[in-house]
Amino acid sequence: MRAMARAFEDLFGVARAFDGIPMAGRTDKSILEDAAARARLEIGPELVTHFRTRYCERLVEALPEPGHVSNILPGVRSLLEALARRPDVFLALLTGNCEEGAKLKLEHFDLWRYFSCGAFGDEAGDRKTLFAVAMRRARECGAPEVAPNHVIVVGDTELDVACAAAAGARSIAVATGPSDSAALRRSGAHVVFEDLSDTDAFLNLLV
């Protein structure tokens, strides 16, 4: 949010442009569209590209700033290590972040290397449409052809659960984000964890 707000002010002279605009679980594209509409700005493809470039520059500055998230959430690295060792699992990203933004964030925590490919928020406004993109990219990178019900979408918002449901995939929701476990259960998540610290409990779901 800090990086996006600074980039928007840099380019369009509008401060705090994203205040009050929901971000969790949404795509960068749709978030930018909301801010532009509120500021009564018309942002075409060229300006979107300029914004993305400036946002990533600001993100590089914002990531190491003190007083903000500096640790990986519980169990994340251990789980990714365990999943990466399994020949029957293919790890891919499906994220609302633009590709370069996702890379910068995950490289900052040394997590980018776990993912072979992904579908990103600069490709669509609606997160649900990214599932098909992620599946196609996974196949192009060597994943086998599988039915959606053999895919697990892991996320921390109701929108992640909705993305899985729309595609016919399974969903594992984690209450380490803006939504608590009760809200995630109400949204229809197949399984809800408070966090990912119990690696074995997660892996048991793959049997």
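1. The backbone oxygen of glycine 25 lies 2.9 Å from a polar atom of the arginine 127 side chain, a polar contact being a pair of N or O atoms within 3.5 Å, where within protein one must be able to donate a hydrogen and the other to accept it, and residues adjacent in sequence count only if both atoms are side-chain atoms.

2. This is a predicted model, in which local features need pLDDT of at least 70, side-chain atom pairs count only at pLDDT 80 or more, and totals for chains, interfaces and linings use all residues. Residues are numbered from 1 along each chain as its sequence is written, and side-chain values use heavy atoms, with hydrogens and water left out.

3. Arginine 127 sits in the loop between strand E2 (118-119) and helix H6 (130-140); helices (H or I, at least four residues) and strands (E, at least two) are DSSP runs, numbered from the N terminus. Arginine 127 counts as buried because its relative accessibility is 13%, with buried meaning under 20% relative accessible area (1.4 Å probe, protein chains only). Not counting residues up to four places away in sequence, arginine 127 touches residues including Gly25, Asp160 and Cys163, contact meaning heavy atoms within 4.5 Å.

4. Aspartate 160 belongs to helix H7 (residues 158-167) and is buried at 6% relative accessibility. A polar atom of the aspartate 160 side chain lies 3.0 Å from the backbone nitrogen of aspartate 156.

5. The whole structure contains zero disulfides, defined as pairs of cysteine sulfur atoms within 2.5 Å. The sulfur of cysteine 56 has its closest cysteine sulfur in cysteine 98, at 4.3 Å, and so is too far for a bond. Cysteine 163 is also in no disulfide, the nearest cysteine sulfur, that of cysteine 117, being 15 Å away.

Terms used
Buried means under 20% relative accessible area, exposed over 50%, partly exposed in between (1.4 Å probe, protein chains only).
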